[in-house]
Amino acid sequence: MSNPMLRKDGLSIIIVGGGKIGGSLVEQLYKEGHDITVIDTDARIIQSLTESYDVMGIVGNGASYTVQMEAGVNKADLIVAVTNSDELNLLCCTVAKMVGNCAAISRVRTPDYNAEIPYLREKLGLAMVINPEFETANEISKILSLSSALEINSFAHGQAELIKFKIPDGNMLDGKTIAEIGRSIIASMVICVVERGEQVYIPSGNFALKSGDILSFIASRKAAKSFLSQIGIPSHQVKDTMIIGGGKAAYYLATLLLHQGISVKIIESDRKRCEELSILLPKATIINGDGTDEELLIEEGIRRTESFIPLTGSDEANILLTLNAQKISGAKVITKINHLNYKSVVGSLELGSVIYPRYICSEAIVAYVRAKKESRNSNIETLYHLADHRVEALEFEVSESSNVTGTPLFQLSLKQNLLIACINRGGKIIIPSGQDTIEVGDEVTVVTTHSGFRDLQDILA
């Protein structure tokens, strides 16, 4: 199978571990035209990936010097180790750094190591350390801080947020155009994306909204709350949460929520793990029981809780728990899904907020890979995929003067289906108008249906 997008300037990338995150990385980096080699001890995984994509596959131990040399580590630009073993991942990166001259990214999930990530990065010379469970917990905690949000993505070092929500029936936005909203709302924000059924729009001023539309808008947190308040959408933080499953993601989430002042109850079936969590999380309530037992859930207060988070190891169980919670309570529900086999079915179920850990981590790596390519005058800081990967939101750091700097935005010839959504200038968040300019030192957020941008100048038609 040949890759029609394969570019001469693609990076040589070795991925160790072909599981959920490794497979997602192969899928995304293959689309972007990179030369990929996958290493895994499971021959079936290698066969599946090499049959699906035009990549090289090696069956073996990714920490082995011999296997890495076979994979071409001495000529590789990047190695990404995402096996299920933190220690193996760190060893893979250490061997690669000693043998080749490549950058290295390691997956590290264990809480003991998570606290030491800055130390590990520095001492082992790692470009990045990713922790899917912690990043998942962080995403969930952000959503719970704004009860009506379906999704929240951060830009400008957390000072600006891209917030997704659904327009309810009878809301004042129904029938209003983007221009009318801009005139009537006293809040510095911009609506970037509208999802309507199967269609996705980067809306212009004359675009009219409808109830049922899913909007994504960007603003500072203060302006976002002001906007939601003016249109009658709840914007408070939840007071409590019930988590089903007591794994690493549940531990990280509980730690974050307790720090935010949110009460936490965890239901976990393994008694030994309950004892561990009771010591690790003395301020949380730990219940030893079957989280899929509806009677137990009712007894533990699911009808009264403000949020409900199923974090079991089974996607099917998480989905069923979500559907049941929506039926018997008014709780804010967030569903974690690891596999994507049922994505079309999941989309039709209206589960509300859905978190895909594999994409959270792969997006950070894809952003790094794009930035690693020789960009001309800017560098990608952040990348998010929105609307089922049909929209990209990218944040660029402007390092030098170029064709896009110093010129009022209305004078720039921009690509269609593209919006300059936010400018961070020295910590000040600017929601730009046509008169604003992009200057050296700015961090600029762009939302577009185009894919593959590596440099801010890619916005020009």
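User: Why does Cys92 count as buried?

Analyst: Buried means under 20% relative accessible area, exposed means over 50%, and partly exposed lies in between (1.4 Å probe, protein chains only). Cys92 has a relative accessibility of 0%, so it counts as buried. The model is predicted: local features need pLDDT of at least 70 and side-chain atom pairs pLDDT 80 or more, while totals for chains, interfaces and linings use all residues. Residues are numbered from 1 along each chain as its sequence is written, and side-chain values use heavy atoms, with hydrogens and water left out.

User: What makes the sulfur of Cys92 too far from that of Cys93 for a bond?

Analyst: A disulfide requires two cysteine sulfur atoms within 2.5 Å. The closest cysteine sulfur to that of Cys92 belongs to Cys93 and is 6.6 Å away, which is too far for a bond. Cys361 is buried as well, at 2%, and its closest cysteine sulfur, again in Cys93, is 14 Å away and therefore also too far. The structure holds zero disulfides.

User: Which residues of α4 are buried, and what do they pack against?

Analyst: Asp86, Asn89, Leu90, Cys92, Cys93, Val95 and Ala96 are the buried ones in α4. The contact criterion is heavy atoms within 4.5 Å. The buried residues of α4 pack against β1 (12-16), β4 (78-81) and β5 (103-107), and also against α3 (65-70), α5 (111-114) and α6 (117-124). These elements are DSSP runs numbered from the N terminus: helices are H or I with at least four residues, strands E with at least two.

User: How do you know that the span of helix α4 agrees with its number of residues?

Analyst: The expected span is 1.5 Å times one less than the number of residues. For the 14 residues of α4 (residues 86-99) that gives 20 Å, and the end C-alpha atoms are 20 Å apart, so the two agree.

User: Why are β3 and β6 described as standing at the edges of the sheet?

Analyst: Two strands pair if DSSP finds at least two bridges between them. Six strands form an open, parallel sheet in the order β3-β2-β1-β4-β5-β6. β3 (56-59) and β6 (128-130) each have a single partner strand, so one side of each lacks a neighbour in the sheet. From one strand to the next the twist averages 15°. Inside the sheet, five bridges join β1 to strand β2 (residues 35-40) in the parallel sense, and Val16 has Ile39 of β2 as its bridge partner. Helix α2 (residues 43-52) packs on the sheet, touching β2 and β3, and its direction makes about 175° with that of β3. Helix α15 (residues 357-372) lies across β1, β4, β5 and β6 and runs at about 165° to β6. These angles, from 0 to 180 degrees between N-to-C directions, come from lines fitted to C-alpha atoms, for helices over the stretch in contact.

User: Why is the pair of Phe155 and Tyr384 called edge-to-face?

Analyst: Rings of Phe, Tyr and Trp (its six-membered ring) pair if their centres lie within 6.5 Å; planes under 30 degrees apart are stacked, over 60 edge-to-face, and the rest tilted. The structure holds nine such pairs. For Phe155 and Tyr384 the centres are 5.2 Å apart and the planes make 80°, hence edge-to-face. This pair links distant parts of the chain, with Phe155 in strand β7 (residues 151-155) and Tyr384 in strand β18 (residues 378-386), 229 residues apart. Phe155 counts as buried at 1%, and Tyr384 is buried at 13%.

User: What makes the pair of Tyr201 and Phe207 tilted?

Analyst: The angle between the planes is 50°, with the centres 5.0 Å apart, and the pair is therefore tilted. Tyr201 is partly exposed at 29%, whereas Phe207 is buried at 14%.

User: Why is strand β9 described as largely enclosed?

Analyst: Seven of the eight residues of β9 (residues 189-196) are buried, so the rest of the structure largely encloses the strand. β9 runs antiparallel to strand β11 (residues 214-220), joined by six bridges, with Val194 opposite Leu215. Three antiparallel bridges join β9 to strand β10 (residues 199-201), where Arg196 stands opposite Gln199. The hairpin of β9 and β10 has two residues between the strands, and Gly197 takes a positive phi near 60° there.
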